[in-house]
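This report goes through the structure one part at a time, starting with a whole chain and ending with a pair of helices. Please keep the structure open while reading.

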Amino acid sequence: MTASDPIVRIDGVVKRFGAFEALKGVDLTIRRGERVVVCGPSGSGKSTLIRCINRLEEADGGRIVVDGIELGDDVRAIRAVRRRTAMVFQSFNLFPHLTVLENLTFAPVSVLGMPRAEAEARAMKYLELVHIAEHALAYPGRLSGGQQQRVAIARALAIEPEILLFDEPTSALDPEMIKEVLDVIVDLARQERTMIVVTHEMGFARAVADRVIFMDAGRIVEEGPPATFFANPRHERTRLFLSQILEH
Amino acid sequence: MAAWLKRNFFSSPLSTALTVALVALAVWLGPRLVDWALVGAVFRTADPEDCRKATGACWAVIAEKHRVMLFGTYPYDQHWRGLVAVALIFAMMLASTVRAFWSWRLLLAWVAAMAAALALQFGGFLGLPHVPTTRWGGLPLTMLLFLGTVAGGVPLAIVLALGRRSDLPAIRMLSIGYIETIRGVPLVNVLFMASLMIPLFLPEGVNFDKLLRAQVGMILFFAAYAAEVVRGGLQAVPRGQYEAADSLGASTWDRTVRIVLPQALRIVIPPLVNDIIRAFKNTSLLLIIGLFDVLGGTMAALEDPNWSRFYAEAYLFVAAIYFVVCFSMSQYSQRLETSLARGRNF
């Protein structure tokens, strides 16, 4: 496998919520190891798009192939895709009745069938990676938002996915906690992992993205490497968005 | 002190009036109650004549009749078996309140204890005479039926609640149909149907025990109500929890059993305990199909014409038994809620 083989292929994907068309035919190919930032105004379909990649949303039209597996109605294919992808949510979605450690061992033990001791060793490794190992036995409710999101990142890493999906990982955080979470994501991005990050953090996009994708009204309007994307946006809509988001 | 009194008892004209009225009531009622319950009461006598002459309560009726009240129609010389069974059950209930004991071993201990209690009631081994279920009665019957109802009803309720939220229309319709039908019928009716109608549909010669039929009826009735309680809990678990489990590749089973249900059940502890307490008291309806639970035993005991006029004392005694069990359950559920919430703010 070379660095250029596609790991995600999205062809003409359409998603409707009732009468509202959230995705109006999106085409996107992501290479293995590529770090992609998806941005756009709210309601542009960017979250819906990455939620379609691990089938948290079911596309109404088009094809999605992840790591060679086509998403359809086959439950086994869906679970196979989900084992290869992991999602970090805006609202963390940690399991409140489980300790931090148990949050991380849940999937390795019940999904991957790993022995508990091994799963715990793996969990501790990733908790150390996100600098929160000392809270392994705490319940998520005891942690700050930034700490919870770092645990959520570690939980996603614990299934050792091919692709990491981030759905506005810093949007629900207090400003002083955004940095600790972004630092962790930047560290991960430097390790050549395939990452698709929906975010408004343009500084992050500039620093680590291979490609920035701008969406509006259910379509990809513009994409390109951050250098050209930020310096020379081609579309008026992109320019307007960037001016709004960079000025505040 | 004065300020505290004023704030709590005399803060407004209405409050002052209520305080005065309640104090007057207590002054009027208190001495009469003490006179009746203690001063003029007869605590021990074998002769109902002594009670008739007394001005107060006749607690002696309890001493005289407690065997029938507590053990119903069970053979008199075998009452110790019921006593051991009830002691076993209460010991297990107490042990279950200790968090440190919570493991699969406790579950095994429960199965063993229930088997032992049932075996004691049945007899027919080691020289214990066999006692048919039609003669079981009193507190052992109440406790066994209650525990059977909860042990069978809670799992069934969970299955029904999950079924009602299933993606499969057939399962959903079946669950809804079941819940709505049973909820639309009074328990008395369910019990009558269980005891009288089920045999009509069974083939000739097949006849299963009246007590077992009643137990089945109580489980079915309890589950229909508890299913709606559990469903409420399932709805209270945020969608993000399902999504987080799904996104990690969890199967529907793992998602349900390890992530959603533990949270849903914790949310519904108060209403579920409410249903459980009601199930305990509903065992008294067994009376109408001819089974003598602890209340039925008391009514039977009062058929003795010598003592029948002292029904108030007897019923107070039974009420006290019900109250102690129900209040303990209620207190325990509150303690459980607090201890489960510790360190987890949700």
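## Overall make-up of chain A

In this predicted model, chain A contains nine helices and 10 strands. Its radius of gyration is 18 Å, close to the 18 Å that the globule rule gives for 248 residues, so chain A is as compact as a globular protein of that length.

## The six-stranded sheet of chain A

Six strands of chain A form an open sheet with mixed pairing, in the order E6-E7-E8-E3-E9-E10. At the edges stand E6 and strand E10 (219-224) of chain A, each of which has a single partner strand, so one side of each is left without a neighbour in the sheet. From one strand to the next, the twist averages 20°.

Within this sheet, strand E3 (residues 35-39) of chain A and strand E9 (residues 211-216) of chain A run parallel and are joined by four bridges. Val37(A) has Val212(A) of E9(A) standing opposite. Helix H5 (residues 145-158) of chain A lies across E6 and strand E7 (163-167) of chain A, and the helix runs at about 175° to E6(A).

## Where chain A touches chain B

The contact draws 21 residues from chain A and 19 residues from chain B. On the chain A side, helix H2 (75-84), strand E6 (85-88) and helix H3 (100-110) each supply at least two of the residues that touch chain B. By class, the residues on this side of chain A comprise 11 nonpolar, six polar and four charged.

## A helix pair in chain B

In chain B, the axes of helix H5 (residues 79-96) and helix H6 (residues 104-122) come within 8 Å and cross at roughly 165°. As angles over 145 degrees count as roughly antiparallel, H5(B) and H6(B) are therefore roughly antiparallel to each other. Their crossing is left-handed.

H5(B) makes the contact through Arg81(B), Gly82(B), Val84(B), Ala85(B), Leu88(B), Ile89(B), Met92(B) and Ser96(B), while H6(B) contributes Leu106(B), Ala109(B), Trp110(B), Ala113(B), Ala116(B), Ala117(B), Leu120(B) and Gln121(B). Taken by class, the residues in the contact of H5(B) with H6(B) are 12 nonpolar, three polar and one charged.

How values were computed
Residues are numbered from 1 along each chain as its sequence is written. Chains are lettered from A and ligands numbered from 1 in the order in which they are written. This is a predicted model: local features need pLDDT of at least 70, side-chain atom pairs count only at pLDDT 80 or more; totals for chains, interfaces and linings use all residues. Axes are lines fitted to C-alpha atoms, for helices over the stretch in contact, and angles run from 0 to 180 degrees between N-to-C directions. Angles under 35 degrees count as roughly parallel, over 145 as roughly antiparallel, 65 to 115 as roughly perpendicular and the rest as oblique. A crossing is left-handed if the near helix is turned anticlockwise from the far one by less than a right angle, and right-handed if clockwise. Two residues are in contact if their C-beta atoms, placed from the backbone, lie within 7 Å. Ala, Val, Leu, Ile, Met, Phe, Trp, Tyr, Cys and Pro count as nonpolar, Asp, Glu, Lys and Arg as charged, and the others, Gly among them, as polar. Two strands pair if DSSP finds at least two bridges between them. The radius of gyration is taken over C-alpha atoms; the globule rule is 2.2 Å times the number of residues to the power 0.38.
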